[in-house]
Amino acid sequence: MAEPPDHRVVVLPWLRRVGGLFLSNWLAITLGRNILAWRAMTAAELEHELEHVRQWRRFGIAFPLVYVFESVRQLLAGRRWYHDNRFEAAARDMAARVRPR
């Protein structure tokens, strides 16, 4: 597994309602090195978000645009904008590497 990047996790329970307006089954959003979640995360969930921190580091401030472009590309191909987004697939792959305790 890749070295965990420098990051900060902030848990704000009120975010659950706000995020639920956009994605019904969401837990966290990563903005740069900051992970905002509405509850504490499991090790696998944290690893998912840490992959997004790595993606932010790789693409810099262009990451939101690259992410949206990838989602649109998936929609135009008749696939699911979130689940089939390559950035989400990479994050799921990293989370799957975490062994349950």
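## A buried charged pair

Arginine 54 and glutamate 47 form a salt bridge, with their closest N and O atoms 3.0 Å apart. The model is a predicted one, and the values below are computed from it.

## The network around glutamate 51

A second salt bridge links arginine 58 to glutamate 51, and here the closest N and O atoms are 3.7 Å apart. Through shared partners, salt bridges join Glu47, Glu51, Arg54 and Arg58 into one network.

Glutamate 51 lies in helix α2. What does glutamate 51 touch, leaving aside residues up to four places away in sequence? The contacts are Arg58, Ala90, Ala91 and Met94. Of these, Ala91 and Met94 also belong to the buried residues of helix α4.

## Other salt bridges

The whole structure holds eight salt bridges according to the search. One that joins glutamate 45 to arginine 39 has its closest N and O atoms 3.0 Å apart. Glutamate 45 is partly exposed, since its relative accessible area is 23%. Arginine 39 is partly exposed too, with a value of 32%.

## Helix α4

Helix α4 spans residues 86-96, and its buried residues are Phe87, Glu88, Ala91, Met94 and Ala95. Why do they lie on the same side of α4? They do so because the arc they cover around the axis is only 120°. The cover over these buried residues includes helices α2 (43-59) and α3 (63-76).

Asparagine 85 is found at the start of α4, where one of its side-chain oxygens comes within 2.7 Å of the backbone nitrogen of phenylalanine 87. Phenylalanine 87 is itself one of the buried residues of the helix.

How far apart are valine 72 and alanine 89 in space, and how many residues separate them in sequence? From C-alpha to C-alpha the distance is 15 Å, and the separation along the chain is 17 residues.

## A nonpolar surface patch

Trp14, Val18, Leu21 and Phe22 make up a nonpolar patch on the surface. Together they have about 520 Å² of accessible area.

Phenylalanine 22, a member of this patch, is placed in the loop between helix α1 (15-20) and strand β2 (28-31). The relative accessibility of phenylalanine 22 is 68%, so this residue counts as exposed. The cut-off for that label is over 50%.

Methods:
Residues are numbered from 1 along each chain as its sequence is written. This is a predicted model: local features need pLDDT of at least 70, side-chain atom pairs count only at pLDDT 80 or more; totals for chains, interfaces and linings use all residues. Side-chain values use heavy atoms; hydrogens and water are left out. Buried means under 20% relative accessible area, exposed over 50%, partly exposed in between (1.4 Å probe, protein chains only). Helices (H or I, at least four residues) and strands (E, at least two) are DSSP runs, numbered from the N terminus. The arc is that of the directions from the helix axis to the C-beta atoms. Contact means heavy atoms within 4.5 Å. A polar contact is a pair of N or O atoms within 3.5 Å; within protein, one must be able to donate a hydrogen and the other to accept it, and residues adjacent in sequence count only if both atoms are side-chain atoms. Patches are made of residues with over 30% relative accessible area and no salt bridge: like charges are joined within 9 Å, nonpolar side chains (Val, Leu, Ile, Met, Phe, Trp, Tyr) within 5 Å. Accessible areas come from the Shrake-Rupley method with a 1.4 Å probe; for residues, only the protein chains shown count as cover. A salt bridge is a side-chain nitrogen of Lys or Arg within 4 Å of a carboxyl oxygen of Asp or Glu.
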